[in-house]
Amino acid sequence: MNTHIGDSTVLIIVPAFNEEEAIESTILKLQKLRTTHSSVDICVINDGSRDRTAEIVRSHPDIILIDLANNLGIGGAVQTGYRYAHEFGYDVAVQFDADGQHNEEDLAAIVRPVLAGECDMCIGSRFVEKTAYEGSIARRFGIYYFQYLIFLLTGQKFTDATSGYRAMNKKVIALFAYDYPRDYPEPEVIIYLRRKKMKIIEKTVNMHARQGGVSSITPFKSLYYMVKVTLSIIMQKLIKEN
């Protein structure tokens, strides 16, 4: 696979919480990138896991492991990765799920536009074009709900605002290193970056079913997620207008 990254440095940020069933296969997939691109680094943020996640990562000496003593949640774990990327001056940072849902072969699709200066952040979307993705009715409802809400507030259509597969440049890395939502950050980040006049685009990617473990998003948490993120997005909009 040619990712067309040249000498640009790319940090792949993999937040992981109790992912012992999937993290090994995820690491093996990502290590393939390093066989042809030595400037790609992989950083796993072990978010206070109580299983063998950290032990498995340590068995791969080429993987950067940041082992958090306590569970910070997805926002805190991902921000830890951005702080690392900012401190060490990476050109691009890529979020990549530990559970095996993201396809490493699509990394080029979201990195290329960032390196070419076409955008500040590129989101990997399951819906720009038809893919094999089949989500639950509830999950699809949430995706379409945030698509509509963000369009109302920004005037820009994002087909997959909840996608965590995204790449960003140094400007965005610097922002995220010091200011990043704590819980369920994906839709909030879009509003935040739009306020900062950053350009965001989407590119088609394929996603798989979770490769192991159990999702932490329960039906109750899904409802909480929608309410909390909606209020946060609206508050960001009101702050901008005032």
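1. Ser 125 sits in strand β5, which covers residues 121–125. In this predicted model, Ser 125 is buried, with a relative accessible area of 0%. Leaving aside residues up to four places away in sequence, Ser 125 touches Thr 159, Asp 160, Glu 202, Lys 203, Thr 204 and Val 205.

2. Worth a look while you're there: Ser 125 and Tyr 165 are 40 residues apart in sequence, yet their C-alpha atoms are 7.9 Å apart in space. Tyr 165 also turns up among the residues that Gln 95 touches.

3. On to Gln 95, then, which belongs to strand β4 (residues 92–95). Gln 95 is buried too, because its relative accessible area is 4% and the cut-off for buried is under 20%.

4. What does the side chain of Gln 95 pair up with? The side chain of Tyr 180 makes a polar contact of 3.2 Å with that of Gln 95. A polar atom of the Gln 95 side chain also lies 3.4 Å from the backbone oxygen of Gly 164. Beyond residues up to four places away in sequence, Gln 95 touches several others, including Ile 13, Val 78, Tyr 82, His 102, Arg 166, Met 168 and Glu 186.

5. As for accessibility, Cys 119 counts as buried at 4%, and Cys 43 is buried with a relative accessible area of 0%.

Key. Residues are numbered from 1 along each chain as its sequence is written. This is a predicted model: local features need pLDDT of at least 70, side-chain atom pairs count only at pLDDT 80 or more; totals for chains, interfaces and linings use all residues. Side-chain values use heavy atoms; hydrogens and water are left out. Helices (H or I, at least four residues) and strands (E, at least two) are DSSP runs, numbered from the N terminus. Buried means under 20% relative accessible area, exposed over 50%, partly exposed in between (1.4 Å probe, protein chains only). A polar contact is a pair of N or O atoms within 3.5 Å; within protein, one must be able to donate a hydrogen and the other to accept it, and residues adjacent in sequence count only if both atoms are side-chain atoms. Contact means heavy atoms within 4.5 Å.
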